[in-house]
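Here is a short briefing on one protein model. Please look over the sequence and structure first.

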Amino acid sequence: MVLQVGNEFPEVSLKYVPYDAANPEACGLPQVLDTKKDFAGKKVVIFGLPGAFTPTCSAQHLPLYVAQADAIKAKGVDLIVCVSSNDFFVLDAWGKQNKVNGKIIMASDANGELGRATGLSLDLSKLGMGSQRLARFAAVIVDGKVVHLSVEPNPGEVAVSGADSILAAL
C-alpha cells in the first residue's frame with residue numbers, strides 16, 4: 001500500500017533522542033515515538049528523507065524546516081518530525097549540527113518499518129546507500145489521518161516536500 005490523503009497514518013514505533021536544553025551536547029537515551037499514540041489528537045508535520053548528512057538533505061531539506069519551524073508551529077502544528085533511515089544516534093548528531101534544538105523530533109526508521117508501512121521506501125543500493133531507504137516526502141497528519149501528502153518524484157530534489165510547500169498547504 002502506498003500512503004494517500006485520507007488514509008490513517010500507519011502505527012509504527014520510531015526512535016529518537018530527545019533534546020536536552022540543560023545539556024545540549026549530551027547523548028541521551030533513545031525514546032519511542034509511537035505514531036498512533038503520539039499523533040492522536042494532534043496536528044503533525046512529518047517529513048521523510050533518504051539520509052542524514054547527505055547533500056540534498058543537509059543543504060536543502062532539513063535546514064529549511066529548522067528555519068521555518070516557528071512559522072509552521074504558528075499554523076497550529078503540535079509536532080514536526082523528521083524521519084530518516086539512519087539510526088537515532090546519527091539523527092541526534094545531525095540535529096545538533098543543524099541546531100535543531102528541539103524544534104523538530106529527529107526520528108529513526110532504521111529498520112524500515114515506516115517505509116514498508118507507507119510504501120514510501122526506495123532501493124538506493126545502486127548508490128551504495130542500501131535497499132531500504134525512505135523516499136523524500138512530507139505529510140500533514142491531523143488526529144492520525146493524512147490530510148496532505150507530497151512525495152518527491154526525484155529523491156535528489158526538494159520541490160514539493162520542503163518547508164515552504166508545507167507552509168502553503170497548512
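The notes below cover an annotated site, a charged pair and an arginine.

This is a predicted model: local features need pLDDT of at least 70, side-chain atom pairs count only at pLDDT 80 or more, and totals for chains, interfaces and linings use all residues. Residues are numbered from 1 along each chain as its sequence is written, and side-chain values use heavy atoms, without hydrogens or water.

**Annotated site**
- An unreviewed UniProt entry places the feature "active site" at Cys57; such annotations may be inferred rather than shown by experiment.
- Cys57 lies in helix H2, residues 55–73 (helices are DSSP runs of H or I, at least four residues; strands are runs of E, at least two).
- Cys57 is buried because its relative accessibility is 0% (buried is under 20%, exposed over 50%, partly exposed in between, with a 1.4 Å probe and protein chains only).
- Beyond its neighbours within four places in sequence, Cys57 contacts residues including Trp94 and Arg136 (contact: heavy atoms within 4.5 Å).

**Arginine 136**
- Arg136 sits in the loop between strand S7 (133–134) and strand S8 (137–142).
- Arg136 is buried and has no salt bridge (a side-chain nitrogen of Lys or Arg within 4 Å of a carboxyl oxygen of Asp or Glu).
- The nearest side chain of opposite charge is Glu152, 5.9 Å away (Lys and Arg count as positive, Asp and Glu as negative; His and the chain ends are not counted).

**Salt bridge**
- The count is 1 salt bridge.
- Lys96 pairs with Asp92, with the closest N and O atoms 3.0 Å apart.
- Lys96 and Asp92 are 4 residues apart in helix H3 (residues 88–97), so about one helical turn separates them.
- Lys96 is partly exposed at 23% relative accessibility, whereas Asp92 is buried at 10%.
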